[in-house]
Amino acid sequence: MIRLSFPSALLLCAPLLAAAPGCGDKEYVRGTQDPSIDNAAMSTGLDKRDIQKMLSDNLNDLRVSSVMNDWRSRGERVQVAVFPIINETTEHIEPALSATLGETETWLVESGVATVISRERQQQAIAEVEGQKGAAFDQSKAARYGRQLGVKYIVTGKIAGTDERTEDERRVQYFFFMQVIDVETSAILWQHKSYVTKGVR
């Protein structure tokens with residue numbers, strides 16, 4: 001076993017100490033300490049602010065849509081399921097998209113016009129339609145899943161992107177589509193697209 005004197009051990013550990021929180025020039029901060037921390041783009045990838053902006057744009061459009069007006073006029077809550085948002089980009093944003101499902105469910109519940117079916121029941125419906133446990137959500141079968149759940153409407157969507165480059169610039173445009181599907185007819189009753197653009201120049 002090799003033993004080091006205290007000064008030698010301190011010299012070996014100095015680089016590690018410098019990298020520790022509170023050492024060197026870096027300082028870790030929370031958004032509550034510095035609200036502007038969410039403002040700067042750190043890359044051309046999607047971040048929380050981008051996804052929140054697109055979700056808000058879509059839900060604000062849904063709020064004033066003929067679909068919501070119809071639901072309000074019924075005098076009773078309609079049965080709705082919020083199915084996964086499909087990620088068609090190269091970004092690893094599944095955790096953020098999962099959060100948007102919860103936010104959309106909350107938004108619908110707070111609207112006072114919808115009863116939202118839990119995601120646990122959705123997994124059961126998918127398994128029953130696909131004939132296997134743990135089956136992946138297939139957006140083309142959303143209406144079938146909805147019928148299995150006994151809901152009237154489904155809210156779902158997808159995020160896609162385009163990437164353009166020149167010698168010294170890059171522009172990435174992201175599109176967030178959301179739609180309401182009538183389970184009985186499979187008709188799209190409402191659809192809206194929101195987008196953000198990120199770039200390097």
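This report covers the fold and the aromatic rings of one predicted model.

## Basis

In this predicted model, local features need pLDDT of at least 70 and side-chain atom pairs count only at pLDDT 80 or more, while totals for chains, interfaces and linings use all residues. Residues are numbered from 1 along each chain as its sequence is written, and side-chain values use heavy atoms, with hydrogens and water left out.

## Fold

The chain has 6 helices and 5 strands, in the sequence order α-α-α-β-α-β-α-α-β-β-β. Helices (H or I, at least four residues) and strands (E, at least two) are DSSP runs, numbered from the N terminus.

Of the 201 residues, 34% count as buried. Buried means under 20% relative accessible area, exposed over 50%, and partly exposed in between (1.4 Å probe, protein chains only).

## Aromatic pairs

The whole structure holds 3 aromatic pairs. Rings of Phe, Tyr and Trp (its six-membered ring) pair if their centres lie within 6.5 Å; planes under 30 degrees apart are stacked, over 60 edge-to-face, and the rest tilted.

One of the pairs is W71 with Y153, tilted, with 5.1 Å between centres and 50° between planes. W71 lies in helix α3 (residues 66–73) and Y153 in strand β3 (residues 153–165), 82 residues apart. Both W71 and Y153 are buried.

F175 and Y195 also form a tilted pair, 6.3 Å centre to centre with 45° between the planes. This pair links strand β4 (residues 170–182), which holds F175, to strand β5 (residues 188–200), which holds Y195. Y195 counts as partly exposed because its relative accessibility is 48%.
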